[in-house]
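The sequence and the model come before them.

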Amino acid sequence: MRLLFAVIICCATFNTASAQFFKGWGIMAGITPARQQWKGPLAEPGKHKFLIRYNAEVFGEFGDHPTFRWVTELQYNGKGDRFKTEAGTTKFKNDYFAWNNYLMIRKELFAVIPYLKVGPRLEYVWRTAQNFNTLHITGSAGAGVEFVAYGPVKFLTEMHWVPDITRSTNSDVLKIRQNAWELRVGIKFAFKGGSEACPPVYK
């Protein structure tokens, strides 16, 4: 009997701690305007224009601090470049899967929660037209807004700047650095056991 009671207490304690640490999960999608920088003997003269593609994410939000949170996400992203010369325009398309991790800095206001996100990304190049390195690291700096609502569903919008940290290709004759913006919208499902399910109350 005592053992059963101890197990119940441990389970209740674990569930309470999980509710405090795990704040919710969500999905996002948006567009990715991207372009490249070329350097080296094989870098052809021309203009690099933004190629608009798309992205999709699923994420989890963790931490019981009101200001600082950890966000981790799995992402599909399409990037590339629109290279314009006198002979015409060529589009280069590259597809990625990525594991992204951010420090989120947030401020709870009455109707919205503005926040910043900064952190690294580990990208796997799934499909490439330019013989890119299979794995490389990018950075990410973004800003967003969470719209306060009653209940577990929250609406989000974000913008990110995503530059290469390690070059996408780094041969002796051609070095390519891929840079991109991301514009996203999405929803977050707040964990029912935590304080995220209700908007903040100010006295």
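A residue is called buried when its relative accessible area is under 20%, exposed when that area is over 50%, and partly exposed in between. The model is predicted.

Q: What share of the 203 residues in the protein is buried?
A: A residue is counted here if its relative accessible area is under 20%. Among the 203 residues of the protein, the share that is buried is 39%.

Q: Which pattern does the protein follow along the sequence?
A: The protein has one helix and 10 strands. Read along the sequence, the pattern is α-β-β-β-β-β-β-β-β-β-β.

Q: Of the contacts in the protein with a separation of 6 or more, what percentage is accounted for by residues 24 or more positions apart?
A: Contact means heavy atoms within 4.5 Å. Among contacts with a separation of 6 or more, residues 24 or more positions apart account for 65%.

Q: Is T138 buried or exposed?
A: T138 lies in strand β7. Neighbours within four places in sequence left aside, T138 is in contact with K79, G119, P120, R121, E123, V162, P163, D164 and I165. The relative accessible area of T138 is 0%, so T138 is buried.

Q: Why is I137 called partly exposed?
A: I137 lies in strand β7. Partly exposed covers values between the limit for buried, under 20%, and the limit for exposed, over 50%. I137 is called partly exposed because its relative accessible area is 37%.

Q: Which strand supplies the largest share of the nonpolar patch?
A: The patch covers about 1,200 Å² of surface, and its residues include W25, W99, L122, Y124, W126 and I137. At least two residues come from each of β1 (22-39), β5 (88-106), β6 (112-128) and β7 (135-147). The largest share, three residues, comes from β6.

Q: Which residues form the largest nonpolar core?
A: In soluble globular proteins, nonpolar side chains tend to be buried together. The largest nonpolar core here has eight residues: W38, F83, F92, Y96, V125, F132, L174 and I176.

Q: Which residues of another core, apart from the largest one, can be named?
A: Another core, of seven residues, lies apart from the largest one. Its residues include M28, V71, Y102 and Y115.

Q: How much of the accessible surface of the protein belongs to carbon and sulfur atoms?
A: The accessible surface of the protein comes to about 11,600 Å². The part belonging to carbon and sulfur atoms is 68%.

Key
Residues are numbered from 1 along each chain as its sequence is written. This is a predicted model: local features need pLDDT of at least 70, side-chain atom pairs count only at pLDDT 80 or more; totals for chains, interfaces and linings use all residues. Side-chain values use heavy atoms; hydrogens and water are left out. Patches are made of residues with over 30% relative accessible area and no salt bridge: like charges are joined within 9 Å, nonpolar side chains (Val, Leu, Ile, Met, Phe, Trp, Tyr) within 5 Å. Accessible areas come from the Shrake-Rupley method with a 1.4 Å probe; for residues, only the protein chains shown count as cover. A salt bridge is a side-chain nitrogen of Lys or Arg within 4 Å of a carboxyl oxygen of Asp or Glu. Helices (H or I, at least four residues) and strands (E, at least two) are DSSP runs, numbered from the N terminus. Buried means under 20% relative accessible area, exposed over 50%, partly exposed in between (1.4 Å probe, protein chains only). A nonpolar core is a set of buried Ala, Val, Leu, Ile, Met, Phe, Trp, Tyr and Cys residues joined through side-chain atoms within 4.5 Å.
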